[in-house]
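Biologist: I'd like to learn how to read a model like this one. Could you walk me through it, feature by feature?

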Amino acid sequence: MVMILSFSLVAQAQWIGWDDQTSDRIIVNNAIDNDNPNLVDDQEKDLAVGDFNNDSFEDLVVVRKFPFSNEGKRVDLLFMNRNGVLTDETAQFAPGFLQTPTDARDVICTDVNNDDWLDIVIINTFNDQPKLYVNQGEDNDGIWLGFIDESEERLPFLDVLPFQYCAVAAADITGDGSVEIYMTNYAFGQVAPDILLVNDGTGNFTEETDSRLGDLRNSSFGTAIEFHDVDNDGDLDIVKNLGLQPIEPFDDQGVFALFNNGDGTFTNWFRFPTNTSYMMTGGDFDLDGLLDFYIVDDSADYIHSITGFEVDQSLTIEETFIPTNRTDLFGGNVKLADLDNDGDLDVGMSSVDVDIPPCFTDEGRRFIIFENEGEASGDIVHPYGATINDWNVSTHDHDYIDLDSDGYLDMILGTCEGYTVFMNDSMVLSLNDINTTNFASVFPNPAKGFVNISLENLQTNSLQVQLYTVTGSLLLDKNYNFTLSRTTQIDIGILKDTGVYLMKLTEPDGNSISRKIIVE
């Protein structure tokens, strides 16, 4: 494993400014659906970001269908990051997208066959089978080969009714080091089955929903699914939303946690204290080591903070109302990211309902950002007030991507009319501008899993070191005391799993710096 460190520093004067650079940052094929001009794309969209060709620049996949709950297959799109410009290279590197339009409703990027290349899983509705596009990696000359459709070879044929899948997540729930795939069913008016696909370790899947979940697979209007260790027992649980009507065995609607028994089977469950929830996402907002969930409800939003738990049995939840400035009664896809590099998770929400038109901003369906004010409280607030109209756009889905490699996340929005790219113009200060560590580096490089931090010209004899996963789970929280010297070294241990981590160094007066650590 190789440790790569990118540097960033928090600017505290005001919150983020955003610069609309759509015309310079994205190039769409001029023949989307044969007749739409560049950047005009009025189809329903879902987005996912990943570094597909392993060049350290994040790329984008967009899946598309006719808007709202209507059939209408459309071509999906692959955008490669070329020097900070998202460039439509579907024909070159994902020709299967052009050959097989889909009624796609969700997409994820994950490595299904453990070859260190991200693959693409697309979930379709209206009786379309799911799609798995396998990343072919590089040839002997180091040329990236793009994606090939291996759905029929690697995925079982799903002979289930009703077949209207809406959301997908992937994670290792069996503990064997390979990711499983969970699809939640959007059909309503009846009990509809979710699907769990179990990986054999080579990227080939079998359908094992009944044997592993029993009647906990039941869904109705299932709109969201994520994997989280909600009870801190070391395995990943299923968190899913049932948005419309009570079904057995839950006999209610809302957000439910299905507890992992430790081997990828599920027998017990817990209902979050919500009613008409529509979307949700989880992360540690207040950095207390316990998960919190942002719940998108019909007329109001909430933070549900886990304050206690009984392993595999129950959760204790504290509910906080979050006022929003969307003017209709529906919310949409919600995603978390540290947008200002202060070490905590901020919130973005695309508030166009996937079911009910219309799709334009005058109806109040506008993209929303919430700022997390800090680890002491985890308070989620509106940072912009009336200036939100500066980027008042109606949005199906969005994602975060560092397009210009400045260490700050930018945003790509899949809007009702096309695409919008907002660049994060937060000011990156020199470390000398605040009273904190002048320099921090990782060593050795490659580090083979050992994370060692070298601190140059340390100006304090005490430092708090915290290490988080990208979803906000706290892995390390330790205070170090030093004898002041020119160079100080910290050994914070081993990171066993590949992925992205955030390290935060905080002085007693509250000044801090953050480091993004990538384990490969």
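Biologist: How many residues of strand β31 are buried?

Modeller: Burial first: buried means under 20% relative accessible area, exposed over 50%, and partly exposed in between, with a 1.4 Å probe and protein chains only. Strand β31, residues 410–415, is mostly covered, with six of its six residues buried. Strands here are DSSP runs of E with at least two residues, helices are runs of H or I with at least four, and both are numbered from the N terminus. Do keep in mind that this is a predicted model, where local features need pLDDT of at least 70, side-chain atom pairs count only at pLDDT 80 or more, and totals for chains, interfaces and linings use all residues. Residues are numbered from 1 along each chain as its sequence is written, and side-chain values use heavy atoms, leaving out hydrogens and water.

Biologist: Which residues point which way from β31?

Modeller: In a regular strand the side chains alternate between the two faces of the sheet. From β31, D410, I412 and G414 point one way, while M411, L413 and T415 point the other way; all are buried.

Biologist: Which strands does β31 pair with?

Modeller: Strands of a sheet pair through backbone hydrogen bonds, either parallel or antiparallel. For a pair to count, DSSP must find at least two bridges between the strands. Strand β30 (residues 395–401) pairs with β31 in the antiparallel sense over six bridges, and there H398 has L413 as its bridge partner. Strand β32 (residues 419–424) is joined to β31 by four bridges, also antiparallel, with G414 opposite Y419. A hairpin of three residues connects β31 to β32.

Biologist: In what order do the strands of the open sheet with β22 come?

Modeller: The order is β22-β23-β24-β25, four strands with antiparallel pairing. At the edges are β22 (279–283) and β25 (314–322), each pairing on one side only. From one strand to the next the twist averages 25°; axes are lines fitted to C-alpha atoms, for helices over the stretch in contact, and angles run from 0 to 180 degrees between N-to-C directions. Nine bridges hold the antiparallel pair of β24 (residues 301–310) and β25, where I306 has I317 as its partner.

Biologist: Now side chains. How many salt bridges are there in the whole structure?

Modeller: A salt bridge is a side-chain nitrogen of Lys or Arg within 4 Å of a carboxyl oxygen of Asp or Glu. The search finds 14. One of them links R64 and D41, whose closest N and O atoms are 2.8 Å apart. This pair links distant parts of the chain, 23 residues apart: R64 is in strand β5 (residues 59–65), and D41 is in the loop between β3 (26–27) and β4 (44–50). Both R64 and D41 are buried.
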